[in-house]
Each structure stands twice: as structure tokens, then as C-alpha cells.
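This briefing is for a reader who is new to the structure. Please look over the sequence and the model before going through the points below.

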Amino acid sequence: GGVPPATDLVLGATAGCLACFLTNPLEVVKTRLQLQGELQAPGTYPRPYRGVLRAAVAVCRADGLWGLQKGLAAGLLYQGLMNGVRFYCYSHAEDAGWTEYPGGTVAAGAVAGAVGAIVGSPAYLVKTHLQAQTLSAVAVGHQHNHESISSAFKSIYQQHGVVGLWRGVTGAVPRVMVGSAVQLSTFASAKDWVCERQWFRKGSWAAVLAGGMVSSVAVAVAMTPFDVISTRLYNQPVHADGTGKLYRGFLDCILQISNKEGLLGLYKGIGAVYFRLGPHTVLSLFFWDKLRNM
């Protein structure tokens, strides 16, 4: 405490953006893995992307090294909006004394995350579209073919209005709520557990990193299905009236994926989700902590 909510907003946003720059390549890989074999039975489709490392190589081959930073501007915009709002709301919840109650931190974290996800949703929508775009030889999922971030916002707005910019938000809110709640409820205990094992000194960055990596296992397992649904809802092609051509909504998306791709279809890209989460969590906390102490 001791930092005003407005400062927390700026620090939270800055920390999120610094972390985003370093983990965006994993976002690109994750998006491709999650769209690969959409609504097709396992083993019946070509797989240009196999696992995190080989997928990264495939992206570089098709789009050059800079291809790994596709959608970075939209990602930074999303992180800035989402984390700024999230830290701001969480800070207010702390000041209001909500976090004093049992389960208060988890509830506050989930609500703050949900508000952040709603505010940041248009940026995430555009980020997903841009990260999925590539040469037809290795293309997976629907290709929206935007020229740039600004033209993406413009064409979505022109075709579907303001509502179109918030398409897919129904997948984003549960994704962030589940992620936030699980992360906040496991991170502290994972950090303590690592210290109890005496692997690292209490309060050292190694302990924080290890705690982050342990807590990320729980977050990845809980969050990946929501992440897959989110990516699919954001990326699906839409009819002129704005309804999805593939999924009617959140539940329809879960049912179709599990029916056609099996339950493991909901875990596509879990490797990338995990590798992104650990460093992203820790980097955000690290930058946030360091900035607060400045």
C-alpha cells in the first residue's frame, strides 16, 4: 500500500507493457496453435505448427523474425488498458477494505480482471486477428487480412459498429476471471512453499520466479480452455449481421470443440500459455515492484 490508485494505474500499465514486449512472440505462437485444426478431428489436418519451439521457427520462416512480434501494438494497447484498469480497481478494492475479508483478494482480483478484460477487449480482438494473419501455406483459422492496427479497428467499426469491436468479449471475461483468481490464490502460497523447501532465500527474486512458475502450472491448467474459446470467438468470421459463422457463443464453442476436436482440443497451445504465463507474471510483478520502490 501507500501508493495512490492513479500511480498504481500507471505502474501497472507500464509493467504489463514491458512484460508484453518480451512475451508477445509466445502470444503469436499460442494463437496459431489454438486455431490449428479448428473444428476438425485430431489427425485429419496438416499441422504446420508442432509445439512451441517448432511453431516459433515456422512463424519466422513464413513471416521473418519480426513475424514473432505480430500484433505487438495491439498487445501493448491491451496490456496497458487491461492492467491499468485491473490494478486501479484492485487498488480501490484494497482501499475500501474488501481484501480484508476471507476470499476477498480472490474476489477483488477476479472482478478487477473482468473489468479490465471488458475495457481491453477491442484491442485483444484486433491482436488476435493480426497474429493469425500469415502466408496461405501456413495459415490456420480465418484470415481477416487487415493492413495495420488502425485499419483493423476502422474496418471492424465500419462493418459492425461499436458492438463489433466488443465481439468475443463473452470469452474474455471468464478467461481473465479464472486466470486472475487462480493466480492470486496460488501465487503467494506457491512462493511460501518454495521457501519452506529452502530452495531459495525468502523474499529473493529466485523465490518469486519459482513461485511464479509453480503458480503458473495451476493457472495454465485452469485458464487454457477459456483461452482457446476466447481465441476462437475473437477470430471467427462473422455474417453481415454480426453473428458468428462458426460459434453462436461461449457454450456453443465449448460443445463444438469438445465434440469435434475432443477434450484435448480445449488444451491446444497449453505449452505456449504456460511459457508465457510464468515469465509474464513474474516480469509484471518484478517491474511493478521495482517501479513502486523507485
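The model is a predicted one, in which local features need pLDDT of at least 70 and side-chain atom pairs count only at pLDDT 80 or more, while totals for chains, interfaces and linings use all residues. Residues are numbered from 1 along each chain as its sequence is written, and side-chain values use heavy atoms, with hydrogens and water left out.

**Helix α2**

- Helices here are DSSP runs (H or I, at least four residues), numbered from the N terminus.
- Helix α2 covers residues 51–63, which makes 13 residues.
- From first C-alpha to last, α2 reaches 18 Å, close to the 18 Å expected at 1.5 Å a residue; the expected span is 1.5 Å times one less than the number of residues.
- V52, A55, A56, A58, V59 and A62 are the buried residues of α2, where buried means under 20% relative accessible area, exposed over 50%, and partly exposed in between (1.4 Å probe, protein chains only).
- These buried residues line one face of α2, because they fall within an arc of 165° when seen down the helix axis; the arc is that of the directions from the helix axis to the C-beta atoms.
- On the face of α2 turned away from the buried side sit the exposed residues L53, R54 and R61.

**Salt bridges**

- The structure has 10 salt bridges, each being a side-chain nitrogen of Lys or Arg within 4 Å of a carboxyl oxygen of Asp or Glu.
- One of them joins the side chains of D227 and K30, at 2.9 Å from N to O.
- This pair links distant parts of the chain, since D227 belongs to helix α7 (residues 205–235) and K30 to helix α1 (residues 5–35), 197 residues apart.
- D227 and K30 are both buried.
- The side chains of E261 and K268 form another salt bridge, at 2.7 Å from N to O, and both of these residues are buried.
- Through salt bridges that share partners, E27, K30, K127, R175, D227 and R276 are joined into one network.
- D252 and R248 also form a salt bridge, with their closest N and O atoms 3.8 Å apart.
- D252 is buried, at a relative accessible area of 14%, whereas R248 is exposed, at 75%.

**Helices α4 and α6**

- Two packed helices are described by the angle between their axes and the distance between the axes.
- Helix α4 (residues 104–132) and helix α6 (residues 169–196) have axes that come within 7 Å and cross at roughly 145°.
- Axes are lines fitted to C-alpha atoms, for helices over the stretch in contact, and angles run from 0 to 180 degrees between N-to-C directions.
- The crossing of α4 and α6 is right-handed: a crossing is left-handed if the near helix is turned anticlockwise from the far one by less than a right angle, and right-handed if clockwise.
- Among the residues that make the contact are G109, G113 and A117 of α4, and A172, V176 and S180 of α6, contact meaning heavy atoms within 4.5 Å.

- R32 lies in helix α1 and is buried, at 0% relative accessibility.
- Leaving aside neighbours within four places in sequence, R32 is in contact with Y49, V59, D63, K70, Q131, A132, Q133, T134 and V140.
- M223 lies in helix α7 and is buried, at 7% relative accessibility.
- Not counting residues up to four places away in sequence, M223 touches R175, V178 and G179.
- M223 and G179 are 44 residues apart in sequence, and their C-alpha atoms are 5.6 Å apart.
- V217 is also found in helix α7 and is partly exposed, with a relative accessible area of 44%.
- V217 and P4 are 213 residues apart along the chain, and 32 Å separates their C-alpha atoms.

**Positive phi in loops**

- N145, in the loop between α4 and α5 (149–165), has a positive phi of about 50° although it is not a glycine.
- N145 is exposed, with a relative accessible area of 56%.
- Q198, in the loop between α6 and α7, is a residue other than glycine with a positive phi, near 60°.
- Q198 counts as exposed, at 68% relative accessibility.

Terms used
Helices (H or I, at least four residues) and strands (E, at least two) are DSSP runs, numbered from the N terminus.
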